[in-house]
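I opened this entry to keep track of what I looked up. My notes follow in the order I made them.

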Amino acid sequence: MNETTIHHRMNARTYWRGALAVAGRTLRTTFRNPALLMPPLVAPLIFFAVIGAGLGALGKAPGFDFPGGYTSFSFVFILLNSASFAAVFAGLALAQDLETGFSRRLMLAVGRRSALVVGYALTAVVRVSMGIAAVFAVGTAVGVRPHGSAWDVIWLLAVVFGFGLAVALWAIGMSFRTRSVQGAPAVQIPVLMAMFFAPTFAPLALLSGWLHGAARWNPVSYLFESGRGFLAGNPADVGLAIASIAGLLSLLTVWVATGLRRAERTV
Amino acid sequence: MSGARLQITALARRSVVRTLRQPGAIFPALVFPLFFLAVVSAGARSAARLPGFPADSYFKFYLAGPFLLGTLLAGANTGTDLASDVESGFLNRLALTPVRRLGVIAGNLAGTVTVGLIQVAAFFVVGFAFGARLEAGPGGIAVLVALALLISAAFGALWAAVGIRTGSSEAVQGAFPLGFVVIGFSSLFIPRALLTVRWFKDVATWNPASYLIEGLRSLVITGWDGRALGIAFGVAGGLTVLGLAGASRALGRRFAR
C-alpha cells in the first residue's frame with residue numbers, strides 16, 4: 001500500500017467519522033425531545049385516519065378501481081407524506097444548528113464540509129425509516145395488504161426513500177440559505193404544494209380540469225402512481241418515477257452544494 | 001358611554017389595529033383555506049358522482065370548508081395574541097386597572113371577528129367567481145355571514161382560554177394542530193350519510209364541527225334548512241359561551257396572582 005492510498009483512506013475515514021458524528025448528535029437530540037420526535041411520526045397517521053376513512057366513499061365513485069379499496073389507495077400518499085415530514089424535520093435541525101451557531105463551529109471542525117450534509121441526510125434516512133415503519137405497522141393493522149411480490153414492496157420502499165431523500169436535500173439546501181428556523185414555511189410550503197398538486201385523493205386518470213394538467217407536469221405525481229402500482233401488484237409509470245427521482249436528486253444536489261457554498265461565506 | 005362599554009371599545013380597537021397591522025396573521029388565514037379549497041375540490045371532485053351526493057358539484061359542497069378552516073386559524077391568532085400579552089406583562093398591567101374580565105376577552109375577540117369578516121368576503125368572492133351560488137338566495141348571505149362570525153367568535157373564545165391559561169404563545173401554536181384534527185374528523189369532506197367507515201361516522205356524528213359545517217353548507221347546497229341552521233347556531237353559541245367561561249376563569253386566576 002503506497003502513501004497516497006493510505007492518505008486517501010484516512011481522509012475517507014475522517015470524512016465518515018465527521019458525518020456520523022453529526023448524524024449521531026442530531027438523532028440523540030431528537031430522541032431526547034419528544035416534541036421533535038413525535039409530530040412527524042403522528043401527523044401522517046392522523047392524515048391516514050382522516051383521508052383513508054373520511055374520504056373512503058371515494059372508493060365507490062364510478063371509475064375507481066383499486067385493490068384493497070380507498071384505504072390502500074391513500075396508504076401510498078401517507079407513506080410519501082410521512083417521508084416528507086421526517087425529511088423536512090431533519091433539514092430543519094440544520095437550520096436550528098445554523099441559527100444557534102453550532103454548525104458554524106462544526107464547519108470549522110470538519111475537513112470537508114460536505115460531511116455535514118451527509119450527516120444531516122443520514123439523520124433524514126433514519127427518521128424516514130422510522131416514519132415508514134410506523135405507517136406500515138398501522139396500515140397492516142387496518143388491513144392494507146401488498147398485492148404484488150416482495151420485489152414490488154422493495155420498489156415501493158425505494159420510491160418512498162428516494163422521495164424522502166429528495167425532500168431532505170431540499171430542506172438542507174433551504175436551511176443553508178435561510179439559516180433560521182423562521183424559514184420553516186419556505187421549506188414546508190413547496191413540499192406541501194408538490195404533494196397536493198398531484199393525484200393525492202384520486203388516481204391521475206380520474207382527475208380533470210386544472211389539477212389534471214398540474215399533476216401531469218408534477219414529477220411527484222409519478223411517485224404516487226408508481227407507488228400505488230407496486231402496492232397493487234400492477235407496476236405503472238416505473239420509468240417516469242425513476243426519472244423523476246433521478247432528476248430531483250440531481251437538481252437538489254446542486255441546490256445543496258450552492259447553499260453550502262453560500263453558508264460557508266458566513267463562517 | 002358606560003365603563004364596561006368603554007373598556008371593551010378601547011380593547012377592541014387595540015385588538016383590531018394589532019390584527020390589521022400583522023399581515024402574517026391575516027395572510028395564512030386567507031391563503032391556506034383557499035389552497036385547500038382549490039386542491040380538495042379538484043382532487044375529490046369524483047365524489048359528486050356518488051349516488052345520493054347532495055350537491056351537483058364538489059366545489060359547491062366543499063365551499064363551506066374554508067370558512068371553518070379560516071375561522072380556526074383566525075381564532076388561534078387570538079389565543080397567540082393573548083398569550084403574548086401574558087408573556088409581555090400587558091395583562092399584569094391591565095390587572096391594576098378596574099377592567100372587567102369579560103371586557104378583556106370580548107375586546108380581544110374583535111380582532112378575530114374582523115379577520116372573520118375579511119375571510120367571509122374573500123371566500124364569497126372566490127366562490128362566486130367559480131360559479132357557486134347560494135341555494136338560500138340573497139337572504140342566505142346575511143345568515144351565512146352571521147353564522148361564520150359567530151363561529152369565529154367561538155373559536156376565538158376557545159383559543160383565548162388556551163392562550164390565557166397557558167400564557168405561552170408557543171403552547172398555543174403547539175395545540176393548534178388539535179384544531180385541525182377536530183375539523184378533519186367531521187363531515188368536512190363527505191356528507192355523514194355517505195361515510196363508509198363506521199368508527200369515522202360515529203366520531204363525525206359526535207363532533208360539533210360537523211354541525212357547524214353542515215349549517216354553513218346547508219345555505220349553499222340545500223337552501224333554508226331550519227334544523228341544520230338551528231343546530232349550527234346552537235353549537236356555535238354554546239362553544240362561544242364555553243370559551244368565554246373558560247377564558248374568564250383563566251383570566252380570573254391570572255388577575256388573582
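I began with a crossing: α6(A) and α7(A) cross in a right-handed way. A crossing is left-handed if the near helix is turned anticlockwise from the far one by less than a right angle, and right-handed if clockwise. Helices (H or I, at least four residues) and strands (E, at least two) are DSSP runs, numbered from the N terminus.

I noted the ground rules next. This is a predicted model, where local features need pLDDT of at least 70, side-chain atom pairs count only at pLDDT 80 or more, and totals for chains, interfaces and linings use all residues. Residues are numbered from 1 along each chain as its sequence is written, while chains are lettered from A and ligands numbered from 1 in the order in which they are written.

**Confidence**

I checked the scores. Chain B has an average pLDDT (the predictor's confidence in each residue, from 0 to 100) of 88, and 98% of its residues score at least 70. For the complex, the predictor gives an ipTM of 0.79 and a pTM of 0.84.

**α6(A) and its partners**

I went back to α6(A) and helix α7 (residues 184-196) of chain A. Their packing angle is about 150°, and their axes are 9 Å apart. Axes are lines fitted to C-alpha atoms, for helices over the stretch in contact, and angles run from 0 to 180 degrees between N-to-C directions. The two helices are therefore roughly antiparallel. Angles under 35 degrees count as roughly parallel, over 145 as roughly antiparallel, 65 to 115 as roughly perpendicular and the rest as oblique.

Which residues meet there? From α6(A) I listed Val167(A), Trp170(A), Ala171(A), Met174(A), Ser175(A) and Thr178(A); from α7(A), Ala186(A), Val187(A) and Val191(A). Contact here puts C-beta atoms, placed from the backbone, within 7 Å. By class, this contact has seven nonpolar, two polar and no charged residues. Ala, Val, Leu, Ile, Met, Phe, Trp, Tyr, Cys and Pro count as nonpolar, Asp, Glu, Lys and Arg as charged, and the others, Gly among them, as polar.

I then turned to helix α5 (residues 114-141) of chain A. It packs on α6(A) at about 135°, with the axes 9 Å apart. That angle makes α5(A) oblique to α6(A). The crossing is right-handed. Among the residues in contact are Tyr120(A) and Ala124(A) of α5(A), and Phe161(A) and Gly164(A) of α6(A). The classes are 12 nonpolar, one polar and no charged.

**Single residues**

I looked up Trp155(A), which sits in helix α6 (residues 150-178) of chain A. It is buried, with 21 other C-beta atoms within 10 Å. The cut-offs are 20 or more for buried, 12 or fewer for exposed, and partly exposed in between, with C-beta atoms placed from the backbone. Leu231(A) is 76 residues away in sequence but 9.3 Å away in space, C-alpha to C-alpha.

Arg179(A) lies in the loop between α6 and α7 of chain A. Is it buried or exposed? Arg179(A) is buried, with 22 C-beta neighbours inside 10 Å. Its phi is near 50°, positive in a residue other than glycine.

Asp237(A) also has a positive phi, about 55°. I found Asp237(A) partly exposed, with 19 other C-beta atoms within 10 Å.

**Between the chains**

I finished at the interface. It takes 18 residues from chain B and 23 residues from chain A. On the chain B side, α2(B) gives the most, with three residues.

Definitions and conventions
Contact = placed C-beta atoms within 7 Å.
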